[in-house]
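Here's a quick briefing to read alongside the model. Have the sequence and the 3D view open as you go.

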Amino acid sequence: MTATATAAISQDVLEAGTVVRCPRYVEGKDTGLRRAVVLGLFREGDPTGGYRVYFYTLGAAGFAEHTVGLAFRREMDPLGTVEDMSERTLVRIWRGLGDFPGSSTARYRVQRMGLRLRNARLGR
């Protein structure tokens with residue numbers, strides 16, 4: 001990989017609400033690749049500092065439960081956005097995020113898309 005290609009990859013900034021597959025670490029040990037929703041940058045304005053991610057398949061958001069973690073861009077494989085998910089999955093993510101600090105942008109995107117899908121299903 002050339003230096004230009006490496007610089008272009010490192011400049012990619014993922015938006016809150018992007019669905020990624022990345023490793024989950026518990027006490028320094030890799031527990032495998034998991035699907036996660038990007039909550040935002042760990043340090044605002046600095047994508048090299050990593051991203052806060054929510055591993056939505058593991059339950060409610062929280063640090064004690066290790067369902068929210070830190071991941072770096074080079075470890076993440078983007079899968080899509082929350083707009084590509086089903087209504088049921090969006091409801092689970094919205095409930096799981098609850099009032100978790102720093103999740104407002106991702107939660108808003110999840111709520112907005114969930115309501116669109118619900119209205120389409122109900123014919124409103």
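This is a predicted model: local features need pLDDT of at least 70, side-chain atom pairs count only at pLDDT 80 or more; totals for chains, interfaces and linings use all residues.

Helices H2 and H3 pack against each other at about 145°, and the whole structure holds six salt bridges.

**How H2 and H3 pack**

- The axes of H2 and H3 sit 9 Å apart, at an angle of about 145°.
- The crossing of H2 over H3 is left-handed.
- On the H2 side, the contact is made by Glu87, Leu90, Ile93, Trp94 and Leu97.
- H3 brings Arg107, Val110, Gln111, Met113, Gly114, Leu117, Arg118 and Arg121 to that contact.
- Sorted by class, the contact of H2 with H3 has seven nonpolar, four charged and two polar residues.

**Salt bridges**

- Glu87 and Arg121 pair up through their side chains, at 2.8 Å from N to O. Glu87 belongs to helix H2 and Arg121 to helix H3, so this pair ties together parts that are 34 residues apart in sequence.
- Glu87 is buried, with a relative accessible area of 19%, while Arg121 is exposed at 53%.
- Salt bridges with shared partners also join Glu15, Glu83, Arg109 and Arg112 into one network.
- Within that network, the side chains of Glu83 and Arg109 meet at 2.7 Å, N to O. Glu83 is in the loop between S5 and H2, and Arg109 is in helix H3, 26 residues apart.
- Arg109 counts as buried at 13% relative accessibility, whereas Glu83 is partly exposed at 23%.
- Asp46 bridges to Arg43, with the closest N and O atoms 3.0 Å apart. Asp46 is partly exposed, with a relative accessible area of 23%, and Arg43 counts as partly exposed at 46%.

**Ser103, in a loop**

- Ser103 lies between helix H2 (87-97) and helix H3 (104-122).
- Is Ser103 buried or exposed? Ser103 counts as buried, because its relative accessibility is 2% and the cut-off for buried is under 20%.
- Beyond its neighbours within four places in sequence, Ser103 is in contact with Leu39 and Leu97.
- Tyr25 is 78 residues from Ser103 along the chain, and their C-alpha atoms are separated by 20 Å.

**Asp77, in a strand**

- Asp77 is part of strand S5 (residues 77-81) and is partly exposed, with a relative accessible area of 43%.
- Which residues does Asp77 contact, leaving aside its neighbours within four places in sequence? They are Val19, Val20 and Arg21.
- Cys22 is 55 residues from Asp77 in sequence but 6.5 Å away in space, C-alpha to C-alpha.

Notes: Residues are numbered from 1 along each chain as its sequence is written. Side-chain values use heavy atoms; hydrogens and water are left out. Helices (H or I, at least four residues) and strands (E, at least two) are DSSP runs, numbered from the N terminus. Buried means under 20% relative accessible area, exposed over 50%, partly exposed in between (1.4 Å probe, protein chains only). Contact means heavy atoms within 4.5 Å. Axes are lines fitted to C-alpha atoms, for helices over the stretch in contact, and angles run from 0 to 180 degrees between N-to-C directions. A crossing is left-handed if the near helix is turned anticlockwise from the far one by less than a right angle, and right-handed if clockwise. Ala, Val, Leu, Ile, Met, Phe, Trp, Tyr, Cys and Pro count as nonpolar, Asp, Glu, Lys and Arg as charged, and the others, Gly among them, as polar. A salt bridge is a side-chain nitrogen of Lys or Arg within 4 Å of a carboxyl oxygen of Asp or Glu.
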